[in-house]
Amino acid sequence: MGMTMTQKILAAHAGLPSVAAGQLIKAKLDLVLGNDITAPVAINEFEKAGFQTVTDGARITLVMDHFAPNKDIKAAEGCKKCRGFAKRFGLEHFYDVGEMGIEHALIPEKGLIAPGEAAIGADSHTCTYGALGAFSTGVGSTDMAAAMATGETWFKVPAAIKVNLTGKMGRWVSGKDVILHLIGLLGVDGALYQSLEFSGEGLQNLAMSDRLTIANMAIEAGAKNGIFAVDDTTRAYMAGRCDRDWTVYEADADAEYASVIDLDLATVPCTVAWPHLPENTHPATEGGDIEIDQVVIGSCTNGNIEDMAAAAELLKGRHIKKGLRGIVIPATPKIYMECIERGYTRIFLEAGCIVSTPTCGPCLGGHTGILAAGERAVSTTNRNFVGRMGHVESEVYLASPAVAAASAITGHISHPQEVVNI
Amino acid sequence: MNAHGTAIKYGDHIDTDVIIPARYLATQSPSELASHCMEDIDKSFVGRVQSGDILVAGVNFGCGSSREHAPIAIKASGISCVIAKSFARIFYRNAINIGLAILECEKASDGIAEGDDVSIDFDTGIITNNTKNESYQAQPFPDFIKQMIASGGLMASITGGGAQ
């Protein structure tokens, strides 16, 4: 029986010739990740168990991104705990304010993950690195604590849904629209316990930024991981980022899939997920009557330079609607700098937006853009659950950077063509 | 090992943002987290939950964020077991790792109503609805997970029950 991409990576990390769906294995890890919310809980567990050493400090990464720059005293205490732990074990990959970016943008950017590697992170969007052909998945803090101590973790080998991509996305359509469309088809538990494996000739038409966004939201369909076949786009992205040798794992021709979805990228419309589940998808053109109070462009889902470029293209020379709050968050210091160099920062500020330091802030209702009762936001983030961005009676509409920028200009949910005639 | 309590019932896709909203995540204190448990979908939960009560839900319980604060808040509220048709996978791992009992059982999820008196025998996986005089067979854990629970959770299982 052949193996999927995910199964091959897991077999290699478990030291086994082959694995099958449902098998319980112990796998070595190349990256163990935590942030300022989840790592303090992990550190407590690590210390409570009495561990005196970490297995391999070079493989542990801590990123202070959720409530940082510290939103209050408790957040400051959490970051302080992480800082102390990093110092105690001499962790090289500890990213504090100034060096930190949103973890799932920062880690690929810095080459801390590579194709064929296996990663866990105490953050559900750790599945992002599947864009590079790595196996990566979100876990909790206790799993993180155990992995810091032992360098490995247990997995149940997942079955897979194959997504066979064909065609090319239309103008204004991006990876965000593709993944929202797919979640609309699958439902929020449609890929529960499974891998989403993306391949097919349409792959050549997806930039790395699109793939990162798609893999990032695999969890929103319940998936254990999302993973892309490695191709020239992957190799070009990795060039100069990582000096470790990495391995390409291809799915076997006779790999078994729980199901196969054929998706012609040309058929995907600009898509928006209405509250309160990411599966409540509609074409952006249906949102004309939905007035909004705030737009957020950023997050681990859409905070890359390509996302900033898509927003800047629409906001250049235009102003967001009077009374609407526009919040733009480049995901890392490098992306922030590039926004300055390319003139995007000026475009955003002249359009009436603010440009924030990197942070997860508003996405999870933490800080820097909380909604009041009855308010609505169009956001390029990843979840629109009840109360996700603030008050339980507020609403979040998930969209791409282009749709979010267009909506900021008009004040209601808008397809970009409502703003520009191309 | 057994549990006995009153059922508190919710629907499908109960996400970790409503189990414990992010605005409370700066703390790691179980009792402080419990004081805000479920407040974004049910403000009455904290006031009425009794030690031993059993939380019953539909599909995909615990979806969304990986925050371990969610099963910690539920456990510290006094809930003795969560029964659902299915669990989101990170929540499933987290619950086992911190020692919150969870059972997958579609029939129990359908059969148990809010306020029913429920008993659970974890050795057999049999859930008894004392109010309706019905019983339901839950899916037992794989042996691997049974062993982890028996040794006292994930951290105890990797330390061999003692500190290293």
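Helices (H or I, at least four residues) and strands (E, at least two) are taken here as DSSP runs, numbered from the N terminus. On this basis chain A holds 13 helices and 18 strands. The model is predicted: local features need pLDDT of at least 70, side-chain atom pairs count only at pLDDT 80 or more, and totals for chains, interfaces and linings use all residues. Residues are numbered from 1 along each chain as its sequence is written, and chains are lettered from A and ligands numbered from 1 in the order in which they are written.

The C-alpha atoms of chain A occupy a box of roughly 60 × 50 × 40 Å along the principal axes. The radius of gyration is taken over C-alpha atoms, and the globule rule is 2.2 Å times the number of residues to the power 0.38. For 422 residues a compact globule would have a value near 22 Å, and the 20 Å of chain A agrees with this. A residue is termed buried if 20 or more other C-beta atoms lie within 10 Å of its own, exposed if 12 or fewer, and partly exposed in between, with C-beta atoms placed from the backbone. Of the 422 residues in chain A, 61% are buried. Two residues are in contact if their C-beta atoms, placed from the backbone, lie within 7 Å. Among contacts in chain A between residues at least 6 apart in sequence, 77% link residues at least 24 apart.

A nonpolar core is a set of buried Ala, Val, Leu, Ile, Met, Phe, Trp, Tyr and Cys residues joined through C-beta atoms within 7 Å. The largest such core has 205 residues, and those with the most contacts inside it are A:Met148, A:Ala311, A:Ala405, B:Val82 and B:Ile83. Apart from its neighbours within four places in sequence, A:Met148 is in contact with A:Val32, A:Ala42, A:Phe46, A:Val54 and A:Ile60.

Strand β14(A), residues 294-297, is buried at each of its positions, with A:Gln294 and A:Val296 pointing one way and A:Val295 and A:Ile297 the other. In a regular strand the side chains alternate between the two faces of the sheet. Two strands are said to pair if DSSP finds at least two bridges between them. β14(A) runs parallel to β15(A), residues 325-328, and is joined to it by four bridges; here A:Val296 has A:Ile327 as its bridge partner. β14(A) also runs parallel to β17(A), residues 376-379, through three bridges, and A:Val295 stands opposite A:Val378.

Helix α11(A), residues 333-341, has A:Ile335, A:Tyr336 and A:Cys339 as its buried residues. Seen down the helix axis, these fall within an arc of 105° (taken from the directions from the axis to the C-beta atoms), so they line one face of the helix. On the other side of α11(A), A:Ile340 and A:Glu341 are exposed. The cover over the buried residues includes α4 (103-109), α10 (305-315) and α12 (344-350) of chain A. A:Tyr336 counts as buried because 22 C-beta neighbours lie inside 10 Å. Leaving aside neighbours within four places in sequence, A:Tyr336 is in contact with A:Pro330 and A:Pro358. Its C-alpha atom is 8.9 Å from that of A:Val355, 19 residues away in sequence. Just after α11(A), A:Gly343 has a positive phi of about 85°.

The contact between the chains takes 44 residues from chain A and 37 residues from chain B. On the side of chain A that touches chain B, α2 (38-48), α3 (73-88) and α5 (141-150) each supply at least two residues. The largest share, seven residues, comes from α5(A). By class, this side of chain A has 21 nonpolar, 14 polar and nine charged residues (Ala, Val, Leu, Ile, Met, Phe, Trp, Tyr, Cys and Pro count as nonpolar, Asp, Glu, Lys and Arg as charged, and the others, Gly among them, as polar).

Most residues other than glycine have a negative phi, and most peptide bonds are trans. The bond from A:Ala68 to A:Pro69 is cis, with omega near -10°, and A:Pro69 lies in the loop between β3 (60-63) and α3 of chain A. The bond from A:Pro275 to A:His276 is also cis, with omega near 0°; A:His276 is in the loop between β12 (271-273) and β13 (281-283) of chain A. A:Ser299 has a positive phi, near 85°, and is placed in helix α9(A), residues 299-302. With 27 C-beta neighbours inside 10 Å, A:Ser299 counts as buried. B:Asn133 has a positive phi of about 60° and is found in the loop between β6 (126-129) and β7 (134-137) of chain B. B:Asn133 is exposed, with 7 other C-beta atoms within 10 Å.
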